[in-house]
Amino acid sequence: QVQLVESGGGLVQAGGSLRLSCAASGSFLSVNDMGWYRQAPGMQRELVASITSGDSTYYSDSVKGRFTISRDNAKNTVYLQMNSLKPEDTAVYYCNADLRISYYYELYWGRGTQVTVSS
């Protein structure tokens with residue numbers, strides 16, 4: 001059974017840092033694109049950052065210059081280094097990954113990790 005498990009969330013003061021991790025496990029052949037989304041209460045889920053299998057990255061304007069996405073292909077893991085955190089970064093953070101199961105790719109989601117930034 002394929003699953004994505006996030007870790008690294010928590011409570012931090014404004015200006016602080018956190019590092020999120022998301023590891024893919026189970027039966028799959030390879031990992032294509034990976035990404036981080038977040039959802040604040042009453043808001044839609046939004047893309048924060050993504051990284052391709054070739055290490056091309058994308059960042060939303062709200063986190064550009066503060067967050068860094070990276071991946072370790074040997075560990076099937078994607079990271080999100082979050083610096084200079086702001087109260088508006090408070091949300092549940094979800095990772096996703098496009099996994100090659102057989103002759104097709106399928107998108108998987110983690111269950112989320114809470115990030116709370118106090119002012």
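What follows is a short chat about reading a few features of this predicted model.

Me: Let's start with the disulfides. How many does the structure hold?

Reply: The general idea: a disulfide is a covalent bond between the sulfur atoms of two cysteines. In this structure there is 1 disulfide. Cys22 and Cys95 form it, with their sulfur atoms 1.9 Å apart. The pair ties together distant parts of the chain, since Cys22 is in strand E3 (residues 18-25) and Cys95 is in strand E9 (residues 91-100), 73 residues apart.

Me: Which handedness does the link of Cys22 and Cys95 have?

Reply: The link is right-handed, with 45° about the S-S bond.

Me: And is Cys22 buried or exposed?

Reply: The cut-off for buried is under 20% relative accessible area. Cys22 has 1% relative accessibility, so Cys22 counts as buried. Cys95 has 0%, so Cys95 counts as buried too.

Me: Now the core. Which residues of the largest nonpolar core touch the most other members?

Reply: Generally, in soluble globular proteins, nonpolar side chains tend to be buried together. Here the largest nonpolar core has 30 residues, and Trp36, Leu80, Met82 and Tyr93 touch the most other members. Several strands each supply at least two residues of this core, including E3, strand E4 (30-39) and strand E8 (77-82). The largest share, 5 residues, comes from E9.

Me: What does Met82 touch, leaving out residues up to four places away in sequence?

Reply: Among the residues touched by Met82 are Leu18, Leu20, Phe67, Tyr93 and Val115.

Me: Let's look at a strand. Which residues are on the covered face of strand E1?

Reply: The idea to keep in mind is that in a regular strand the side chains alternate between the two faces of the sheet. In strand E1 (residues 3-7), Leu4 and Glu6 make up the covered face, while Gln3, Val5 and Ser7 make up the uncovered one. E1 pairs with E3 in the antiparallel sense over 5 bridges. The bridge partner of Glu6 in E3 is Cys22, which takes us back to the cysteine that forms a disulfide with Cys95.

Me: Which side chain makes a polar contact of 2.7 Å with the side chain of Arg38?

Reply: That is the side chain of Glu46. The Arg38 side chain also makes a polar contact with the side chain of Asp89, at 2.9 Å.

Terms used
Residues are numbered from 1 along each chain as its sequence is written. This is a predicted model: local features need pLDDT of at least 70, side-chain atom pairs count only at pLDDT 80 or more; totals for chains, interfaces and linings use all residues. Side-chain values use heavy atoms; hydrogens and water are left out. A disulfide is a pair of cysteine sulfur atoms within 2.5 Å. Helices (H or I, at least four residues) and strands (E, at least two) are DSSP runs, numbered from the N terminus. Buried means under 20% relative accessible area, exposed over 50%, partly exposed in between (1.4 Å probe, protein chains only). A nonpolar core is a set of buried Ala, Val, Leu, Ile, Met, Phe, Trp, Tyr and Cys residues joined through side-chain atoms within 4.5 Å. Contact means heavy atoms within 4.5 Å. Two strands pair if DSSP finds at least two bridges between them. A polar contact is a pair of N or O atoms within 3.5 Å; within protein, one must be able to donate a hydrogen and the other to accept it, and residues adjacent in sequence count only if both atoms are side-chain atoms.
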